[in-house]
Amino acid sequence: MKYFDFKENATWYKKSGKTCQVTYIVQELVEGGELFSYIAEEGQFPANLCRFYFKQLLKSCLYLHSKGFAHRDLKPQNLLLDSEFNIKIIDFGFVTTLEGKEGSGYNKTCVGTPGYMAPELLLRSDKGYNGNVVDLYALAVILFVMYSGRPPFTVAAKSDDLYNLLATH
């Protein structure tokens, strides 16, 4: 999603004549709503639509990763659709550099939404994780959700058989 302007201490003039300090962001209008809403209302998507969106997501992540960043909270709620139903990624609150704070190529902060978090994030290893890998894992979960209309596992924990299968291999 494109951002056009940001101001931390702007003055808002109310109709009553009073003013107050606000922070604002001006961004591109994205009219299509969340991908999550479409999945929740329509259920599973046909294979050709899954391929269409998955290709857009892969290209978007490739671009983000080529600039040295990982999103770390990819999920259908953070994917908006424009007026032509193209994907727009939002919510970069957990974005980080791929090189990590120490420059090792590993990140150690456990962030994201549990159902979309890669096993290495949830296992909280001292080694850390690669940001681009956890983004790709989240994309795979999103693809599963689009194609099946439901999440691949009940909870992202070793107690779930399917998640445990992924986490131990």
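F92 counts as partly exposed because its relative accessibility is 33%, where buried means under 20% relative accessible area, exposed over 50% and partly exposed in between, with a 1.4 Å probe and protein chains only. This is a predicted model, in which local features need pLDDT of at least 70, side-chain atom pairs count only at pLDDT 80 or more, and totals for chains, interfaces and linings use all residues. Residues are numbered from 1 along each chain as its sequence is written, and side-chain values use heavy atoms, with hydrogens and water left out.

F92 lies in the loop between β5 (87–89) and β6 (96–97), the strands being DSSP runs (E, at least two residues) and the helices likewise (H or I, at least four), numbered from the N terminus.

## Aromatic pairs

The structure holds three aromatic pairs, that is, rings of Phe, Tyr and Trp (its six-membered ring) whose centres lie within 6.5 Å, with planes under 30 degrees apart called stacked, over 60 edge-to-face and the rest tilted. The rings of Y38 and F85 have centres 5.9 Å apart and planes at 80°, so this pair is edge-to-face. It joins distant parts of the chain, since Y38 belongs to helix α1 (residues 35–42) and F85 to the loop between β4 (79–81) and β5, 47 residues apart. Y38 is partly exposed at 27% relative accessibility, and F85 is partly exposed at 39%.

F52 and Y53 also pair edge-to-face, because their ring centres are 5.2 Å apart and their planes stand at 65°. F52 is partly exposed at 37%, whereas Y53 is buried at 5%.
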